[in-house]
Each structure stands twice: as C-alpha cells, then as structure tokens.
Amino acid sequence: MAVEKGLRADARRNRDLIVAAAQELFLEQGVDVPLEEVARRAGVGVGTLYRRFPDRDALLRAVGEESLRRLVDLAETSWREEPDAWHALCRFLRGSVALRLGVLPAKLEPHLHQRLRVGPDLHEMRQRVIAAVLRMIERAQADGALRADIGPGDVALLMTLNVYTPPGMHNEQAMGRVVEIVLDGLRADAGSPLPGTPLDEDDLRHYTAVRLPPAQ
C-alpha cells in the first residue's frame, strides 16, 4: 500500500491498518459507519485516525486509491504469470470480483461519488489497468479463446460484478459459482448471441474512472 513519503514505520503501519479496516467496514455496513468503529477495528485510537484522515472524505479517498492500486497489481500480475491471455483475463476477472469493486460505489451518495471521481492524480494507474485489459482482450480474441462480440466496456462491467448472497450461503461460494458461469459465457464457443453492440474502449475508460480529488 502506497503512503505518504516520510512517515515513520509505526505511522505507516497505523495508516495501513486504518485503511484496511475502513474498507472492510464500508463494505459491510456502508460508508456512514462511525469512524470510531473504524478506529476500533484497526486497533488504534480515534486521535490517531483523525491525524491521518481529518474527515470521512479523506478516508474514502484513501480506500478508493488503495482499491485501484490493488487492481493495477492484479492486472499486471495476471498478464505476467498466466500462460496465455485467456487465463490472464479469467484470473483478472476472478480477482476483480473478489475485490468487490462494485460494492463501495453502490453505497455512495451520488454527489459524493462524483467528488471522489474528479482529479487527475490517479491517471497513470488507470491507464495501466486499461492497457492491461485491452491487451488481454485483443490477444485472447486473436487466439480464438474469447468471443468476438465482447468489448472492453463489457469486461469493465464484469469487473464490478456483485451478487446477493442468500442467507446460509457463504459469499465466496455464491460469487465463485456466478463468476465461473460468466467466464463460460465469455468463451468463443458460447452458443447464444449477445443483444446490442459490444461496449467499447470509451466505456472501459468511463467505468475505470476511479479518479480522486487532489489533496488540499
């Protein structure tokens, strides 16, 4: 997790704990969870939290930034380590769903969501994700593994897939089954044609626009 330069080791550790706890609680309970609860989950004092994050928006920005950093790592690691583009794309989509990328934006009030999307400071990370996704799609289609009527924007939609989990079923089990059903539908030999036209690169850029406001 990237942090501000110059932080002491204990300060970095506290910051990382706070961001991780906030991400868990925002996903579990929504973004209005008391920040005191975030501090408790992180195992730090409330004063420590407010020294690093003076308000809720600052903490939300940090959570969004960390999610994007993890997505960059997932995309580039998948491409580097898998034997071909199809397996890289499958690994990337499985990992994206596991990160629950679609949950937090759904919990945000629309005006707050828009504030968290403006600003150029995460442009480079977004470009790296976009480049990796485009490379996976183009190569997998050229290899004949990915169906031809899928566009980059379609993959972006699948990256934010979220599934309601029935009582008594573990979320990982439900999501795992749905993801594998989706991946089978992406294969070049899938039987049913898709309605409409493929979502294109512009759609991919729109859906990955996790842009955060510059620091004040």
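I take buried as under 20% relative accessible area, exposed as over 50%, and partly exposed as in between, with a 1.4 Å probe and protein chains only.

**Ground rules.** I am working from a predicted model, in which local features need pLDDT of at least 70 and side-chain atom pairs count only at pLDDT 80 or more, while totals for chains, interfaces and linings use all residues. I number residues from 1 along each chain as its sequence is written, and side-chain values use heavy atoms, with hydrogens and water left out.

**Entry: Gln23.** I found Gln23 in helix α1, residues 9-29; helices (H or I, at least four residues) and strands (E, at least two) are DSSP runs numbered from the N terminus. Gln23 is buried because its relative accessibility is 12%. I looked up its contacts (heavy atoms within 4.5 Å). Setting aside neighbours within four places in sequence, Gln23 touches Val63, Ser67 and Arg70. With Ser67 there is a polar contact between the two side chains, at 2.9 Å. For that term I use a pair of N or O atoms within 3.5 Å; within protein, one must be able to donate a hydrogen and the other to accept it, and residues adjacent in sequence count only if both atoms are side-chain atoms.

Entry: I checked the UniProt record, an unreviewed entry, which places a "DNA-binding region" at residues 34-53. UniProt positions follow the numbering used here, feature names are shortened, and annotations may be inferred rather than shown by experiment. In the model, this span is 75% helix and 0% strand, and its end C-alpha atoms lie 14 Å apart.

**Entry: salt bridges.** I count a salt bridge when a side-chain nitrogen of Lys or Arg is within 4 Å of a carboxyl oxygen of Asp or Glu. My search of the whole structure gave 10 salt bridges.

The side chains of Arg41 and Glu28 form a salt bridge at 3.1 Å, N to O. Arg41 is in helix α2 (residues 35-42) and Glu28 in helix α1, so the pair ties together parts 13 residues apart in sequence. Arg41 is partly exposed at 35%, and Glu28 is partly exposed at 47%.

Arg128 and Glu76 also meet in a salt bridge, at 2.9 Å, N to O. This pair links distant parts of the chain, helix α8 (residues 123-142) and helix α4 (residues 56-81), 52 residues apart. Glu76 is partly exposed at 25%.

For Arg94 and Glu180 I read 2.7 Å between the closest N and O atoms. Arg94 sits in helix α5 (residues 85-98) and Glu180 in helix α10 (residues 171-186), 86 residues apart.
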